[in-house]
Amino acid sequence: MIATVGLAIGIVFLAELGDKSQLMALTFALRYRWWVVLGGIATATAAVHVISVAIGHFLGAALPTTAIAAVASITFLAVGLWTLRELISGADDDEEPAPSRFATTAPFLVVLSAFLLAELGDRTMFATAALATDNNWAAVWLGSTIGMVAADALAIAAGILVGKHLPERAIGFGSGLLFLFIGALTGINTTFPDLALVGAAGIALLVPAVAAPALWLLRARRAAADRLATEAATTEISQRRA
């Protein structure tokens, strides 16, 4: 059993290195406390891997993976747009933005649901199901859960280190763009499953690349409008006093 646990840890850990789940973990670590993110990931991973080892490849064949991936893609895109929308409401670059509604409402549930959607039908789930067909299911479940949590913990640590050296506005901006990238990448992989990862990632990068200058223009227009409104109000008050 110990050998099976070690095998599952190694396979899943290596499979998760560079996977989108690590990018998700890093992104969430920029917005939430690390233990909330880690707890959500561990809970979602344990749940998904229970399903995969319990039913194995039969469940994998029956899962509507395309529909699940489409929902996940839309969810990540919506979260990214919502996060960036909060930044547009700021009138001045020197002011810290108000906390995002997304960032202050049930963060554990947000992380949990996001990872559940992302991991259902993912390659890690199928790898776990394959291991469970020839090995002790409990050992596979334990090892695969530990392996995935360990891999994502590395990304969380990276998010913590990055977050310590960035202002809140930069963190919000970066996490919003990362969510857009994850959502676009998930959607592209779902629509074009035969497309290479490098090609899919290159296309997905276009979404945040377009969103960044669009956000800057919107904020510039908002700041200009606020300045005009302030100047008009000041002029009106001066005229009344005169």
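The axes of helix H2 (residues 20-31) and helix H7 (residues 107-119) come within 11 Å and cross at roughly 170°. H2 is therefore roughly antiparallel to H7, a label for angles over 145 degrees. Axes are lines fitted to C-alpha atoms, for helices over the stretch in contact, and angles run from 0 to 180 degrees between N-to-C directions. Helices are DSSP runs (H or I, at least four residues), numbered from the N terminus.

This is a predicted model: local features need pLDDT of at least 70, side-chain atom pairs count only at pLDDT 80 or more, and totals for chains, interfaces and linings use all residues. Residues are numbered from 1 along each chain as its sequence is written, and side-chain values use heavy atoms, without hydrogens and water.

Which residues of H2 and H7 meet? From H2 come Lys20, Ser21, Met24, Ala25 and Phe28; from H7 come Val110, Val111, Ala114, Phe115, Ala118 and Glu119. Contact means heavy atoms within 4.5 Å.

Now turn to helix H9 (residues 137-163), which holds Val149. Val149 counts as buried because its relative accessibility is 17%; the cut-off is under 20% relative accessible area, with a 1.4 Å probe and protein chains only. Val149 touches Leu38 and Ala42, leaving aside residues up to four places away in sequence. Leu38 is 111 residues from Val149 along the chain, yet their C-alpha atoms are separated by 7.4 Å.

Ile203 lies in helix H11 (residues 197-204). At 42% relative accessibility, Ile203 is partly exposed, the class between buried and exposed (over 50%).

How values were computed
Helices (H or I, at least four residues) and strands (E, at least two) are DSSP runs, numbered from the N terminus. Angles under 35 degrees count as roughly parallel, over 145 as roughly antiparallel, 65 to 115 as roughly perpendicular and the rest as oblique.
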